[in-house]
Amino acid sequence: AKIQANPVNFWRHIRWQATFLVDLSTESLPPQCVHAPEGARFAALPKLSGASLTGGAAQPGAEEAAAWRQVCRNPPATLCRTKHTADDRNWIVVQQRRSASLGFDRPWADYVRGFGDGENFWIGLTALHMLTTASNRGPGVNLRIQMTFWNGTEAFAEYTGFQVAGHEANFSMTYSQMSKSKSSVFYDALADGKGAGFSTYDRDRDRDSGSCSQTWGRGGWWFGACYKFYPNDLYPPGGRNLDWKYMKWASNKEIVSLSSVLMMVQI
Ligand SMILES: [Ca+2]
């Protein structure tokens with residue numbers, strides 16, 4: 001009877017097996033962040049993997065809830081979206097390109113904060129740092145990159161241990177390894193930027209003598225000198241285009257022009 005009289009306490013017992021619940025009468029999260037029928041009092045947030053953001057001994061779940069509030073309020077609010085893959089894993093989308101409706105030639109401040117519309121977005125480096133370092137299962141999280149070629153072929157690549165450092169470390173990116181058994185492509189096109197700080201056209205931290213961003217599309221990325229995969233490059237306005245200034249996945253032997261890209265991290 002007590003449980004039925006107090007649904008908040010009831011949900012506290014099962015949230016670790018399912019998702020974190022928030023009380024919509026006291027929370028004002030954007031609708032894209034929550035999974036609840038219209039008019040519901042409680043909404044579920046996807047579960048972060050063992051989040052411990054501060055190392056403090058707060059109430060179990062409190063830091064997780066705080067993490068989601070921070071991600072979901074990171075403007076623009078439409079950035080917070082999740083996906084469920086057929087192998088029963090949950091992901092949060094951190095980057096997406098589907099059209100030329102939105103330019104990715106943006107300054108440092110935009111890439112830190114995040115930007116986007118309904119089809120194209122970047123979740124922001126602050127959110128990426130938080131999402132990829134909150135796990136205590138080990139360093140980093142799983143990253144999945146999904147791509148569509150102009151002939152309709154779908155390809156994907158997965159990485160383990162993906163993590164983005166904080167502002168003080170230039171949001172540098174690293175990972176453990178590409179998961180060949182969970183990837184449909186063989187070549188690791190992300191490798192050029194492994195260990196690199198993040199660069200934009202107004203912040204050069206690449207290993208090239210010039211500025212990779214200024215030379216190629218003016219987007220932000222973890223450039224080496226310069227890249228084989230750069231999804232924040234220009235979107236090819238007329239379809240398939242192998243010019244380096246348009247988004248692509250490349251190996252030592254071939255270059256593939258992309259019609260869509262999506263990057264997501266497992267939660
Ligand atoms: Ca440079």
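Biologist: Where does Arg218 lie?

Modeller: Arg218 sits in the loop between H6 and S11. Those labels are for helices (H or I, at least four residues) and strands (E, at least two), which are DSSP runs numbered from the N terminus. Residue numbers start from 1 along each chain as its sequence is written. Bear in mind that this is a predicted model, where local features need pLDDT of at least 70, side-chain atom pairs count only at pLDDT 80 or more, and totals for chains, interfaces and linings use all residues.

Biologist: Why does Arg218 count as buried?

Modeller: A residue is buried if 20 or more other C-beta atoms lie within 10 Å of its own, exposed if 12 or fewer, and partly exposed in between, with C-beta atoms placed from the backbone. Arg218 has 21 C-beta neighbours inside 10 Å, so it counts as buried. Its phi is a positive value near 60 degrees, in a residue other than glycine.

Biologist: What about Phe171, buried or exposed?

Modeller: Phe171 has 25 other C-beta atoms within 10 Å, so by that cut-off it is buried. Phe171 belongs to the loop between S8 and strand S9 (173–174). Its phi is positive as well, about 55 degrees, although it is not a glycine.

Biologist: And what makes Gly152 count as exposed?

Modeller: Gly152 has 7 C-beta neighbours inside 10 Å, so it falls in the exposed class. Gly152 is found in the loop between S7 and S8, a hairpin with four residues between the strands, and takes a positive phi near 95 degrees there. From Gly152 to Ser260 is 9.9 Å in space, C-alpha to C-alpha, although they are 108 residues apart in sequence.

Biologist: How do you know that S7 and S8 pair?

Modeller: Two strands pair if DSSP finds at least two bridges between them. S7 and S8 have seven, so they pair, and they do so in the antiparallel sense.

Biologist: In what sense do S8 and S10 pair, and over how many bridges?

Modeller: S8 and strand S10 (residues 177–178) pair in the antiparallel sense over two bridges, and Thr160 stands opposite Gln177 in S10. Two bridges also join S8 to S9, again running antiparallel, with Val164 opposite Met173 in S9.

Biologist: How many bridges join S4 to S12?

Modeller: Six bridges join S4 to S12, and the strands run antiparallel. Trp91 stands opposite Gln266 in S12. S4 is also joined to S6, antiparallel, by two bridges, with Gln95 opposite Trp122 in S6.

Biologist: What makes up the largest nonpolar core, and which residues have the most contacts inside it?

Modeller: The name is for a set of buried Ala, Val, Leu, Ile, Met, Phe, Trp, Tyr and Cys residues joined through C-beta atoms within 7 Å. The largest such set has 48 residues, and Leu143 and Val265 have the most contacts inside it. Among the elements that give two or more residues to this core are strand S4 (89–97), helix H5 (125–133) and strand S12 (255–266).

Biologist: Which residues is Val265 in contact with?

Modeller: Two residues are in contact if their C-beta atoms, placed from the backbone, lie within 7 Å. Leaving aside neighbours within four places in sequence, the partners of Val265 include Trp91, Val94, Leu131, Leu143 and Phe162.

Biologist: Why is H5 largely enclosed by the rest of the structure?

Modeller: Seven of the nine residues of H5 are buried, so the helix is largely enclosed. The buried ones include Leu125, Leu128 and Leu131.

Biologist: Where is confidence lowest in the chain, and where is it highest?

Modeller: The score here is pLDDT, the predictor's confidence in each residue, from 0 to 100. Helix H2 (residues 7–14) is lowest, at a mean of 36, and S9 is highest, at 98. The chain averages 78, and 67% of the residues score at least 70. Where pLDDT is low, the predicted coordinates should not be read in detail.
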